[in-house]
Amino acid sequence: MKDSLSRVVAFFATLDLSEEDIHRLVTELKSLTSEEINARVSSLRHAGQAHFFDEATSKSSEKKHLAQSRDASVGERVERLLRAEAGLTTAQAVEKLSLRLADLGLVAREDVPALSRKSLRDWVGRLTQRVPPKDILRCATILRNEHVHRPIRDWTLSRAEK
């Protein structure tokens, strides 16, 4: 019971309630029966809002979600940098990124996962298990900049004009 009380008081503290608000809340809670309180709690749980009240559960699921979305966003960002902006094919992007990472000593060439038939995003997701996402993004950005800022020749000179 003491643990539950500590959790409720901690919850009150996070709400940043004034003393007057806390007094009104306690008074209102006293006026309700335990069945009424249980019904309201159940209603909130069924509505999918209970995760706001359980700090430990929400923090844990939030961390998992952030880790998953971070890995997904790394794949999305690499895909945008190398496919959309640099204009590379998936195979070219995998080859160039793999070589760059290996040249920098961030991963051994044989430890780079194969592309298989999955998307570039999936490949990057598997790569993040071996190479930190920040290093993958750094290398992808460098490759993107090399391709985007390389000189483009609209026309070529004939041998006689060179």
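1. Let's begin with T90, a residue of helix α5. Leaving out residues up to four places away in sequence, T90 touches R83, L115 and L120, where touching, or contact, means heavy atoms within 4.5 Å. With R83 there is also a polar contact, side chain to side chain, at 2.8 Å. A polar contact here is a pair of N or O atoms within 3.5 Å; within protein, one must be able to donate a hydrogen and the other to accept it, and residues adjacent in sequence count only if both atoms are side-chain atoms.

2. A word on what you are looking at: this is a predicted model, in which local features need pLDDT of at least 70 and side-chain atom pairs count only at pLDDT 80 or more, while totals for chains, interfaces and linings use all residues. Residues are numbered from 1 along each chain as its sequence is written, and side-chain values use heavy atoms, with hydrogens and water left out.

3. Now the overall plan. The protein has seven helices and zero strands, so the elements read α-α-α-α-α-α-α from the N terminus on. Helices (H or I, at least four residues) and strands (E, at least two) are DSSP runs, numbered from the N terminus. Among contacts between residues at least 6 apart in sequence, 65% join residues at least 24 apart.

4. How much of the protein is buried? Of its 162 residues, 22% count as buried. Buried means under 20% relative accessible area, exposed over 50%, and partly exposed in between (1.4 Å probe, protein chains only). The protein exposes about 12200 Å², and carbon and sulfur atoms supply 52% of that area; such areas come from the Shrake-Rupley method with a 1.4 Å probe, and for residues only the protein chains shown count as cover.

5. Next, look inside. The largest nonpolar core has 22 residues, and those with the most contacts inside it are V78, L82, L97, L101, W123 and I136. A nonpolar core is a set of buried Ala, Val, Leu, Ile, Met, Phe, Trp, Tyr and Cys residues joined through side-chain atoms within 4.5 Å. At least two residues of this core come from each of α4 (55-85), α5 (90-103), α6 (120-127) and α7, and α7 gives the most, with five residues. In soluble globular proteins, nonpolar side chains tend to be buried together.

6. Apart from neighbours within four places in sequence, V78 is in contact with R83, L97, L120, V124, I136, L137 and A140.

7. An α-helix has 3.6 residues a turn, so residues three or four places apart point the same way.

8. On to charges: the structure holds nine salt bridges. A salt bridge is a side-chain nitrogen of Lys or Arg within 4 Å of a carboxyl oxygen of Asp or Glu. R121 pairs with E76 at 4.0 Å, N to O. Because R121 lies in helix α6 and E76 in helix α4, this pair ties together parts that are 45 residues apart in sequence. R121 also forms a salt bridge with E79, the closest N and O atoms being 2.5 Å apart; this pair too links distant parts of the chain, as R121 is in helix α6 and E79 in helix α4, 42 residues apart. R121 is partly exposed at 39%, whereas E79 counts as buried at 18% relative accessibility.

9. Two other salt-bridge sites deserve a look. E85 and R80 form a salt bridge with the closest N and O atoms 2.7 Å apart; E85 is partly exposed at 31%, and R80 is partly exposed at 41%. Elsewhere, E20, D21 and R24 are linked in a network of salt bridges.

10. Finally, is R144 buried or exposed? R144, in helix α7 (residues 133-148), is buried because its relative accessible area is 19%, under the 20% limit. Apart from neighbours within four places in sequence, R144 is in contact with L81, L82, E85, A86 and H149. H149 lies in the segment after α7 and counts as exposed at 59% relative accessibility. The C-alpha atoms of H149 and A86 are separated by 9.3 Å, although these residues are 63 residues apart along the chain.
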